[in-house]
Amino acid sequence: MFEVRLHGRGGQGAVTSAELLALASINEGKYGQAFPSFGPERRGAPVVAFFRSDDRQIKVRTEITNPDLVLVLDPSILRIVNVTAGLKDDGILVANTRYTADEIRKELGLRCKLAVVNANRIAFEELGIPITNTTMLGGLLKAKSIVNPDSLIEPLRERFGRIADKNINAFKRAIKETELSF
Amino acid sequence: MGKRIGLEVSLSAAEAVKMANVDCIAAYPITPQTHIVEHLSELVNNGDLDAEFIPVESEHSAMSVCTGVAAVGARTFTCTSSQGLALMNEIVHIAASMRLPIVMILANRSMSAPISIWNDHTDVMSIRDCGWIQVFANNGQEVFDHVLFGYRVGESAQVLLPVMIHMDGFILTHVIEPVEFWEEEQVKEYLPDFKPIYALHPDRPVTMGGLGGPGIFSEVKVSQDEALIQSKGEILSAWKELGDVVGRHYHPIETYKIEDAETIFITQGSFGETVSLVVDELRDEGESVGLIMNRLWRPFPFEEFREATKGAKNLVVIDRAISFGGQGGPLAIELRSALYKEKNQPTFANFICGLASRDVTIADFKNIYRRAMEKVKENPREEDFEYYGVRGK
């Protein structure tokens, strides 16, 4: 079982990211489970979403408190939410930030494995808006190959229709541009 | 084998309603059921489902429309939650008394106040005695299968009763997970067309839901109760056939590792699968535990429970609803009555938890188990249940 907690702000598509991961792993013949933090959503407010993947049927239906990986979609979340809460000892934090891994590690006092990518810039250049949910999926897969990147293409196409290519470009660029500090 | 599709469970439930080829849907959106209705309205609008979609102004009207439409012999569907169910309450009872095989999904949610859109089973319990066949689903696949099961059972000439499918709000409605869809041929094989014995028609006038004074009311209601009790035979054969057609096997109670278990957890709804993992972990630690997940809430499976708990020393019953001023949670009350005359009665520990979707983790269930083992020694009174995970308790 591999568990991911996603942090973002309402409207940035954290739930969509979790959903796309679930669809990709289900399409690979595995079991995927994605769900939002339940309740009313407010645009701009910090939100979390969850994703699990396993080779066996996923029976647990509780929130994820000890994730293997934490994905942060919005740079400002890093300073207002304790995103690494409960992160496993060998867990990975994948963050959207314009700083280098060393800089962000020092500023936040992080000891965990870290992957950083300037997803805002990529999203701006590829999509024209700083919606980073598809970009950060690239960062996530660079840090940990939970699914084959190709498995995400079909769900991305289905979900985004005529703007799918732009999202796929952002996703692929992030795989290249993510800096690992393990 | 049907195709395995990753989809939000609400949407796959709506797809099952489409596969059942319903004639009419009347519903009013309410969280957390909304996605089911929205998707159905899309399917009808896009021409993927040839049905009337009647967007009513309230849940009371939704169930009224379903009742009228079912009375003329059409296959009907609706779904609701919590306050919506409360508003339709009057007609929910009437649909059962008039023996109309409507299928409704209840996305289980707490009753206000305070306002809660989150999940528990207090809405279920508010219509416990409405006379519908009621089943609980543990996951998305079970919701899908039971939509088709609902029409198969409810429309059977031996039954003619409405069927309610309980699915935990948010925990199931809003999760994306794989569901195996049925093939069209499988649906055809399993679910015959609805052929009502009596239907409203100008050429063949009948009266439905007329006045029933002291001279006839009791006879009508007792026949209704008999119909619900006797529906079990048809329920069992419909599950058997479902297993033959799609290879998934359902039972009034689903048991897990109870054969040699000293202590048995008893759950209803989506807690079940999580607790099955708790059973695995506790067994690894050397504890003798098992699990019964209740599926058939009405008619209640008394015999199956007596048989399954025969060798058990202790029962740990998990309720997700309060019966204010009562002897614990509604499931515990039912079970205690079921076992009252048994010779070797197991001890009984009842915990109420998970109200308004409060997370109950594997560690929490282990704490509940430990607390239950302490309680056994205290020899508690029947009404001595506990709330788990509540501040100030």
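Which residue in S6(A) does Ala95(A) stand opposite? The views below are taken from a predicted model.

**View 1. Strand S5 of chain A pairs with S4(A) and with S6(A).**
Ala95(A) stands opposite Val116(A) in S6(A). S5(A) and S6(A), residues 113–117, run parallel over 5 bridges. S4(A), residues 69–72, also pairs with S5(A) in the parallel sense, over 4 bridges. Here Leu71(A) has Val94(A) as its bridge partner.

**View 2. Helix H8 of chain B bends at Lys232(B).**
H8(B) covers residues 217–246 and spans 42 Å from first C-alpha to last, close to the expected 44 Å. The bend is about 30°. Its buried residues include Ser231(B), Lys232(B), Ile235(B) and Trp239(B). The buried residues pack against S6, H6, H7 and S12 of chain B. Gly247(B) follows the helix, with a positive phi near 80°.

**View 3. Chain B touches chain A.**
Here 20 residues of chain B contact 20 residues of chain A. On chain B's side, strand S8 (176–180) and helix H9 (271–284) each supply at least two residues. H9(B) gives the largest share, 4 residues. This side divides into 10 nonpolar, 7 polar and 3 charged residues.

Definitions and conventions
Residues are numbered from 1 along each chain as its sequence is written. Chains are lettered from A and ligands numbered from 1 in the order in which they are written. This is a predicted model: local features need pLDDT of at least 70, side-chain atom pairs count only at pLDDT 80 or more; totals for chains, interfaces and linings use all residues. Two residues are in contact if their C-beta atoms, placed from the backbone, lie within 7 Å. Ala, Val, Leu, Ile, Met, Phe, Trp, Tyr, Cys and Pro count as nonpolar, Asp, Glu, Lys and Arg as charged, and the others, Gly among them, as polar. The expected span of a helix is 1.5 Å times one less than its number of residues. The bend at a residue is the angle between axes fitted to the seven residues ending there and the seven starting there. A residue is buried if 20 or more other C-beta atoms lie within 10 Å of its own, exposed if 12 or fewer, and partly exposed in between; C-beta atoms are placed from the backbone. Two strands pair if DSSP finds at least two bridges between them.
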